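The report below covers a single protein chain.

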Amino acid sequence: MMIKNWKHYIWILLISACAPFSAQKEMPLATKGVFDTQSWNFEDTTPLLLAGEWEFYWKSLVSNQQKLDQTPPTYEPIGERWKNKYDGLGYGSYRLKLKFPQSAKDKIFALRFSQTGGAALKVYLDSTLQLELGQVGISKESMIPTRSSGIVLIPHPKTEVQLLIEISNYHHDDGAFWYAPTLSYYESINKVMVYELVRDSLLTGALTFMAFYHFVLYFFRRNRKLILYFGFYSLVIALHSVSLNGDSLYYLMPSITYRFSFTISLIFYLSMPLFLAFLSNLYPDVFSKSFNRIISVSCVGLFIFVLIAPTEVGSQTTFIGILLSIFALLYSIVCLARASARRYEFSTSLLLLQIFLFLSAINDTLYLYGILPYVSILKYSYLSIVLFQSLILASYFSRAFSKSETLSLQLNRLNENLEKTVISRTREYKEAKQIAEDANEWKDKFISLVAHDLRSPLSTVYSGLMLITEKDTFEDKKEKDHILKQLFLILENAMATIENLLNLNRFNSGRLRLHLSEVPIWEVIKELSESFSFELARKTLRLDTSLSPSETVFADRSILTEILRNLLTNAIKFNKPNGWIRIIYQEFASTKQISIEDNGQGISFSSQNNLFTKQVSTPGTLGEKGFGIGLNLCYELMRLHEGSIRVESSPESGSKFILEFPKSSNEAPSA
């Protein structure tokens, strides 16, 4: 079973990896109402959390500045719940002195304030009101709560800035400054806000789409209630996920009331009854109907109480709702473990997902109450659960649908396969016939060219040897040695032609291996210039080189010789009498180049497109012939060296072939 469903486990790991786990950086903390940022690197994109001890004034507001200054402050950690020391309902003021480095005056900073339960707040910088979320008041009637977020700009701050915050809460049992504000450059804060807005919008959109997709699916398959339960489950967690971020919530629904936003923040009470209904329909013999009913009645009753009770009373059910949800998750894990032990289909995959969701719920509960300083990941758990369970449902119903159409599809496939086989065999026969005809035609041309190009030099060598063997033909030994040297060069060029053919064959069969080393260019060019002296003299061509012994390339010496031999052969072949050929070496940061340039007839622009890929034979300026494989072979051999070859040419203006070799790994880049 474990092997059979390996793809599902991979999906679980990939989807679960979407949660943003990241290492927490060591950040400074406020001490006795002072937060020193002078040692913090704001160039880091991580916003600075203004956590630690703030000055706190219970039952005092900033507007009464004199009373505030005369009242001795207490120091409270930001995020500490009021009801731990005072009362969950009330109002107060927080004050913090921010110390900036001297370089901060050239920057624009921003403070970001996250949603805080049912509170309202005002933010002052150096006694100037900068932000108002909701309406602060000293009673329930005089205040207007909100769950929205906001930012405050701090352009070109002084070295010390006083931050004052009025906050009141009469609409939530757990009043306090829930989350510490964050400080960074405005660009960084704005980037984080936009990222979260896009991310949460996409997340909510995906969950909502999955909900309505299952509603439509249930419309066509009404006998399967588990689809309906899963659709409502997806809708519930979509609403809950969007309530977790004040920016996303008020961006998507600008005119939303606090009562509605508070209600959807607790709509997760309904998620476990719906999910248990889905699982009990999927595995009815491992889930207890009576236990499911107890969980469902408790959670639904709790949510109905939230709907009718005042928000400050309904908020007291939060901890009870979380405990019920975690308890229901544990119950579902136990039942899925039983299903997995019985090897029910998809049960092991669902068990792993439930464990992931359970751990996410524990993490977010501890994060909500300020016990763990990590990030909230529950929304990502929602998405992973919905996506994977949608895959399970899709697989479940696609199998049933496939079984109902198997016979007709098999018949259609047999007919289609028969027709395709006939068409495919006919096409393959035609293609094979055409390939054979093309290969045969190319073979005839190739043999003709080989015979022609080898017959001429061999005939010359034969005639020369006949003359030399006649005793009385040459009396001058120098003349005889000169002829022998020329015959040797002719044979060497013929052998080079044969070597090209063998290299092409070895390359195509994958048997060509490189023996790389630092090769002095001047040695190779010197050998080649001597072997081409007869051809150069025949056309009265001048070979210019300016190479030094220290100039090397990292290459296979024999193959480099073949590449340069081919390019020099072409330069001679397509050059005009009394022309010149120039060889230049250049070195760059990571590459070395060898250029072979001539002032011959050049290459047309249309021919340059396929110069290195097609085998085309073109006569030289004196009617010289070739096989048309030289440049194609050079191109492939340069690829073996992880280098490149290119051409710069225009008709009647000569050609310049550029070889580019990478430097060896232990060679330092040039300055």
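Lys140 has a relative accessible area of 32% and is therefore partly exposed, where buried means under 20% relative accessible area, exposed over 50% and partly exposed in between (1.4 Å probe, protein chains only). The side chain of Lys140 meets that of Glu312 in a salt bridge, 2.7 Å from N to O; a salt bridge here is a side-chain nitrogen of Lys or Arg within 4 Å of a carboxyl oxygen of Asp or Glu. This pair links distant parts of the chain, 172 residues apart: Lys140 sits in the loop between strand 8 (128–133) and strand 9 (150–155), and Glu312 in helix 9 (residues 311–314). Glu312 counts as buried, because its relative accessibility is 14%.

**Basis of the model**

This is a predicted model, in which local features need pLDDT of at least 70 and side-chain atom pairs count only at pLDDT 80 or more, while totals for chains, interfaces and linings use all residues. Residues are numbered from 1 along each chain as its sequence is written, and side-chain values use heavy atoms, with hydrogens and water left out.

The predictor's confidence in each residue, pLDDT, runs from 0 to 100. The protein chain has a mean pLDDT of 79, and 78% of its residues reach 70 or more. Helices (H or I, at least four residues) and strands (E, at least two) are DSSP runs, numbered from the N terminus.

**Salt bridges**

Side chains of opposite charge can pair when their charged atoms come close.

| Pair | N to O distance |
|---|---|
| Lys140 and Glu312 | 2.7 Å |
| Glu523 and Arg557 | 3.1 Å |
| Arg542 and Asp544 | 3.1 Å |

Arg542 is partly exposed at 44% relative accessibility, and Asp544 is partly exposed at 23%. Elsewhere, salt bridges that share partners join Glu523, Glu527 and Arg557 into one network. The side chains of Glu523 and Arg557 meet in a salt bridge. That pair links helix 15 (residues 521–531), which holds Glu523, with helix 17 (residues 557–573), which holds Arg557, 34 residues apart. Glu523 counts as partly exposed at 28%, as does Arg557 at 30%.

Helix 10 has 24 residues and reaches 35 Å from its first C-alpha to its last, close to the expected 34 Å; the expected span is 1.5 Å times one less than the number of residues. Ser340 lies in helix 10 (residues 318–341) and is buried, because its relative accessibility is 18%. Beyond its neighbours within four places in sequence, Ser340 contacts Ser347, Thr348 and Leu351.

A nonpolar core is a set of buried Ala, Val, Leu, Ile, Met, Phe, Trp, Tyr and Cys residues joined through side-chain atoms within 4.5 Å. The largest such core has 48 residues, of which Tyr283 and Phe287 touch the most other members. Helix 10 is one of the helices that each supply at least two residues of this core, and helix 3 (186–220) and helix 11 (347–368) are also among them. The largest share, ten residues, comes from helix 10. Not counting residues up to four places away in sequence, Phe287 touches several residues, including Leu276, Tyr331, Cys335 and Leu336. Another core, of 38 residues, lies apart from the largest one and includes Ala30, Leu121, Ile167 and Ala176.

Four strands form an open antiparallel sheet in the order 2-11-6-9, where two strands pair if DSSP finds at least two bridges between them. Strand 2 (48–49) and strand 9 are the edge strands, each pairing on one side only. Strand 2 pairs with strand 11 (residues 182–185) over two bridges in the antiparallel sense, and Leu48 has Leu183 in strand 11 as its bridge partner.

**Positive phi angles**

Most residues other than glycine have a negative phi, and most peptide bonds are trans. Lys59, which is not a glycine, has a positive phi of about 60 degrees. Lys59 lies in the loop between strand 3 (53–58) and helix 2 (65–70) and is partly exposed at 34%. Just after helix 10, Arg343 also takes a positive phi, of about 60 degrees. Glu652 has a phi near 65 degrees, lies in the loop between strand 17 (644–649) and strand 18, and is exposed at 54%.

Methods
Contact = heavy atoms within 4.5 Å.
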